[in-house]
Amino acid sequence: MIDLNGTEKNILNDVIDMLGRASVDKKFAMRNMVLSTCGKSGVPESRMVVLRKLILQKDDRFALAVYTDKRSSKVDDIKDNSFVSLCFWDPGRSIQIRLKCSATVIEAGDFYLEHLQKISGRAQESYTTKHKPGSPLGASGVELFDFDEQNFFCLILLNPFEVDLLKLGSEHVRFIWKLDQNTSSNWKGGRVIP
Ligand SMILES: Cc1cc2nc3c(=O)[nH]c(=O)nc-3n(C[C@H](O)[C@H](O)[C@H](O)COP(=O)(O)O)c2cc1C
């Protein structure tokens with residue numbers, strides 16, 4: 001799937017293709033990823049999230065989308081500090097992909113509505129609890145099966161500006177690409193010491 005004998009540009013395209021496959025294939029290991037944020041406290045926080053969409057943009061740029069509850073800590077963190085990191089691991093292929101991204105929270109608009117419509121049945125329960133994620137059960141009025149009329153669904157859009165690929169093997173292979181600071185369009189990078 002990733003041809004490490006290809007050119008640097010082709011290898012990066014293979015990485016992007018792999019993320020595209022992860023966004024549509026529920027069995028694909030890289031569908032689950034670690035999202036790390038660092039909000040006001042300065043203490044980084046990591047958690048698993050599901051990759052829901054890969055968006056190909058012009059000039060080889062791309063973005064990833066994640067679903068969450070707009071009241072969750074990760075959203076607070078992103079509103080304080082838009083820089084986040086993603087980490088994917090495919091144990092079958094021994095491939096790690098790390099992305100440094102700037103993130104935005106999407107709470108309205110066509111893209112938001114398109115994805116909101118996809119959430120039906122029990123999946124809606126993730127975004128309609130009366131109390132926000134992390135609220136302590138047992139505190140006055142906080143019940144597990146207490147749902148709100150309101151939907152707290154939102155999307156997190158992740159715009160990568162650095163891609164780090166590591167393939168473990170008898171000889172480990174690592175590449176890093178960065179978006180050109182001036183144009184924000186061309187990826188520049190190559191093989192590095194693992
Ligand atoms: C495999 C896996 C996938 C998950 N996917 C999501 C997800 O797509 N969105 C989400 O908000 N939480 C997801 N979670 C739960 C988060 O890891 C986390 O516990 C929750 O969102 C609260 O995080 P926060 O308080 O740091 O914002 C997932 C957890 C696991 C174990």
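A nonpolar core is a set of buried Ala, Val, Leu, Ile, Met, Phe, Trp, Tyr and Cys residues joined through C-beta atoms within 7 Å. I note at the start that this is a predicted model.

**Entry on the core.** With that definition in hand I looked up the largest nonpolar core, which has 31 residues, and I wrote down Val15, Val84, Leu86 and Leu158 as those with the most contacts inside it. At least two residues of this core come from each of helix H1 (8-24), strand E1 (32-37), H2, strand E5 (83-90), strand E6 (95-106), strand E7 (153-167) and strand E8 (173-179). I then followed Leu86 and, leaving aside residues up to four places away in sequence, found that it touches Met33, Val34, Leu35, Arg98, Leu99, Cys101 and Leu158.

**Entry on the ligand.** I looked up the shell around the ligand, where 14 residues surround it, and the closest are Arg47, Met48, Thr68, Ser72 and Lys74. Strand E2 (45-50), strand E4 (62-69) and helix H2 (73-80) each supply at least two residues of this shell, and the largest share, five residues, comes from E2. By type I recorded six nonpolar, five polar and three charged residues in the shell.

**Entry on phi angles.** Most residues other than glycine have a negative phi, and with this in mind I looked up two exceptions. Aspartate 60, in the loop between strand E3 (53-56) and E4, has a positive phi of about 65°. Serine 94, in the loop between E5 and E6, has a positive phi of about 55°. Is serine 94 buried or exposed? I put it down as exposed, because 12 other C-beta atoms lie within 10 Å, whereas aspartate 60 counts as partly exposed, because it has 15 C-beta neighbours inside 10 Å.

Methods. Residues numbered from 1 in each chain as written. Predicted model: local features only at pLDDT ≥ 70, side-chain atom pairs only at ≥ 80, totals over all residues. Near = placed C-beta within 6 Å. Helix = DSSP H or I, 4+ residues; strand = E, 2+ residues; numbered from the N terminus. Nonpolar A, V, L, I, M, F, W, Y, C, P; charged D, E, K, R; others polar. Buried ≥ 20, exposed ≤ 12 C-beta atoms within 10 Å, placed from the backbone. Contact = placed C-beta atoms within 7 Å.
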